Amino acid sequence: MRQPYHGVVLAAPVTVPYVRYSIRSAHWWLARAFSSLLEKSKLKKEEIDGLTVSSFTLAPDTAIGFTQHIGLSPRWLDHVPLGGASGVVALRRAARAVQAGDAEIVACLAGDTNHVDSFRLTLANFSQFARDAVYPYGAGGPNASFAFLTAHYMQRYGAKREDFGKLCVAQRANALKYSHALFKKPLTLDEYLNARPIAEPLHLFDCVMPCAGAEAFLVLSEEKARTIGLPYVRLLGTIEWHNAFSSDPVQLRAGWALDREELYTQAGRSPNEMHFVQVYDDYPVITLMQLEDLGFCGKGEGPAFVREHRFTWDGDFPLNTSGGQLSAGQAGAAGGFLGMVEAIRQLTGEAPGRQVPDAKIGLVSGFGMINYDRGLGSGAAILSSDE
Amino acid sequence: MPTLPPAARSRVALGLTAAAALGRFELQQCRDCGMVQYPPRESCQRCLSVRLSWTRQDDKGELLAATVLHHSNDLFFRERLPWRLGLVKLACGPTVVAHLHADAPPAPAKLRVAVRLDRAGLAVLVGLPDKENVNMADDRQLREFTCDPKHRKVLVTDGKSAVGQALVKALAAAGAELIWVGHAEPWKRLPGFDELQKLPQVTAVPLDVTDSKNVRELAAEIGAKVDILVSNAELHRTHGIASRQGVETARAEMDVNYFGLLRLAQEFGPPMRARGADGVASAVAWVNLLSIYALANFPPHGTFSASKAAAQSLAQCLRAEMRPAGVRVVNVFPGPIDDEWNQLLPPPKLAPAALATATVGALREGVEDLYPGDVAQEWLERWRDNPKALERELSS
């Protein structure tokens, strides 16, 4: 039986505005995120006694080396190099540390730089399997991997490009209300459909744009948050799973499908009670997979679900309300924090122009690490601002 | 230097390259539980055993999904877009990412997966249509991994030996566009050579690999046009150490078998390297006729064996120098060939025509080390199993 997360809250959602390319290192972006957290929370550096760091481009450093860069002396530290699953997993690690009293206030940071050639180098050396058995095959990176998953999903469940396009168009509408999104122009379904092919069946607007940026939030006890007067949201339930369904020949599902019931049971809520959902969206097929595996519709019913709903912040199923990575940009590991940060903003009323009316509860999902042919890590969390 | 495909691999992944060099479809298999796995790992993903071997596997599979890349992060592929890839579930278990032949039907479809060496000299998997067809080798992507003589210009350094003549005929039959055929001592009329010259693809050129000036002049004339060079001139005498006084015969063997290769490599290597991976009409391969005796000395042919061992070592150096240019060095290790210098050996002996067919096959399949015929295959297995035992067996 899992212990509940009573008394653990999240606060101080911050974003270091993204840029397409940066000459700075990951350390710069993470330091900016940390300083933004202090500024927003009005805490002193010395009051932060726990730290998690997520980054692809911090090498040769890890979290521990980074403490010396920012002059922090934490009594609890974790490096969470789990890509798109980093946000949920960092939260889970930090939440238990706070509950157990190992740390009082944990800063969860994610950030990456993007030099003109750094994305290629990240891909070429992403993992041993990628280097041995994927990169030499056209060096398409995640575009190629997701092209396979998308092609197979379309063939198996009858999804059309229009279905993916509807999600992308709605997310762009959301992004136009989010000042930090890199994409500033509206997107029409025709523009989506007529875009140039990248890795068939994927076309330009199906693929995230790598960029530099950082995201961060604090995890602390509810009591502490009240004492220092920080707006906060509660953690009602959360799950993670890695390398699930490893014998499936091609990925159609991930870890959420194994224990989503435990997620909803722990939170005491059901999928239809969510006021918004923030899913990991480096490619739209993964959005459909998450909606299915998290129980918003049955397996293979994603395309029908998309046709039945509206996904803008003011629609009947608000999804990726800051535009998702597809419209905000993918700042490396910060992409795994984007939905978490946006969820905290929505629940603390800090999403001007795209505020989901009366948003009190929402779900955040993470997915990460295409180690070889599929994403290995999955996780989800339900957050609420209800008393 | 041309661009090459990404060449970084972990050591354990080079097992696939070792298999590809021999043209074998092998994957890592657990000796304890039988699990076949890919990508290669240091331990069995099922039972955690570290007793893993590369073993031959069924090459059948099902294409689960295909894509066409219109964007690549790597220069080699950028120059060759669009590029087809497939995700294939192999009958033996794992799902693999593979380059995909243009004739492969849309997914889901039955497929065959082959292992090939790419221009960087490293193994890659290629998805091929289930059914063979005559023009299959013409596939634009597949030709990046093979050295098919079709439409290519070839130099065969010695057209007077039985093996040389068989090679020229096989290359002509395989669709080589032009074949220069070397002949030392042009004043000597030898059987078969006139007939060879009647082939429309053939041009005879004087070539004595023991003559540095001659080699240099020929390279100046045609070196920049040769796509495939077949170094097959050899001198074969049947002596050990005690059976002959002096070093003159051994020196003559070395002058052809070892220094001949060195002269060719010094003169033809640079122009071929300059034309490696140069679009569709590029230098692609260098074939060395070595001998199975290069692996372990055959005392009755002791000095010949030594010269072939020297040539093999030099060929490894040549391979290292040609690899950055994407030019493959193919070493051929025949057992005894059915010719006058092996007349005292009992069968099985390799017919020159069979050697030639196998050599053309190696170019087509992209094989790097060819052991043609039953004797060579058996010796290879003995040598891989226990080199010391083979040494004793050959000397008894």
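**View 1. The buried residues of helix H10 in chain A of this predicted model.** Helix H10(A) spans residues 256–267, and Trp256(A), Leu263(A), Tyr264(A), Gln266(A) and Ala267(A) are buried in this helix. These residues lie on the same side of H10(A), because they cover an arc of only 155° around the axis. An α-helix has 3.6 residues a turn, so residues three or four places apart point the same way. The cover over the buried residues of H10(A) includes strand E8 (232–242), helix H11 (284–293), strand E10 (361–370) and strand E11 (375–384), which belong to chain A. After H10(A) comes Gly268(A), a residue with a positive phi, near 70°.

**View 2. Leu10(A) in the largest nonpolar core.** This core holds 249 residues, and the members that touch the most other members are Leu10(A), Leu91(A), Val106(A), Ala216(A), Leu218(A), Val219(A) and Leu383(A). When its neighbours within four places in sequence are left aside, Leu10(A) is in contact with residues that include Leu91(A), Phe217(A), Leu218(A) and Val219(A). Among the other contacts of Leu10(A) are Tyr232(A), Val233(A), Leu235(A), Ile344(A) and Leu383(A).

**View 3. The contact between chain B and chain A.** Chain B gives 32 residues to this contact, and chain A gives 32 residues as well. On the side of chain B that touches chain A, the elements giving two or more residues are strand E4 (60–69), strand E5 (83–90) and strand E6 (95–100). The largest share of that side, 6 residues, comes from E4(B). Sorted by class, the residues on this side of chain B are 20 nonpolar, 8 polar and 4 charged.

**View 4. Ala104(B) in a loop of chain B.** The loop that holds Ala104(B) runs between E6 and strand E7 (109–117) of chain B. Ala104(B) has 23 other C-beta atoms within 10 Å, and therefore counts as buried, since the cut-off is 20 or more. Beyond its neighbours within four places in sequence, Ala104(B) is in contact with Leu63(B), Gly86(B), Ala109(B), Leu111(B), Gly127(B) and Pro129(B). Although Ala104(B) and Leu63(B) are 41 residues apart along the chain, their C-alpha atoms are separated by 8.7 Å.

**View 5. Helices H11 and H12 of chain B.** The axes of H11(B), residues 373–385, and H12(B), residues 387–394, come within 5 Å and cross at roughly 130°, and the two helices are therefore oblique to each other. From H11(B), Trp379(B), Arg382(B) and Trp383(B) meet Pro387(B), Ala389(B), Leu390(B) and Glu393(B) of H12(B). This contact has 5 nonpolar and 2 charged residues, with no polar ones.

Terms used:
Residues numbered from 1 in each chain as written. Chains lettered and ligands numbered in written order. Predicted model: local features only at pLDDT ≥ 70, side-chain atom pairs only at ≥ 80, totals over all residues. Axes fitted to C-alpha atoms, helices over the stretch in contact; angles between N-to-C directions. Helix = DSSP H or I, 4+ residues; strand = E, 2+ residues; numbered from the N terminus. Parallel < 35°, antiparallel > 145°, perpendicular 65-115°, else oblique. Contact = placed C-beta atoms within 7 Å. Nonpolar A, V, L, I, M, F, W, Y, C, P; charged D, E, K, R; others polar. Buried ≥ 20, exposed ≤ 12 C-beta atoms within 10 Å, placed from the backbone. Arc of directions from axis to C-beta. Core = buried A, V, L, I, M, F, W, Y, C linked by C-beta atoms within 7 Å.
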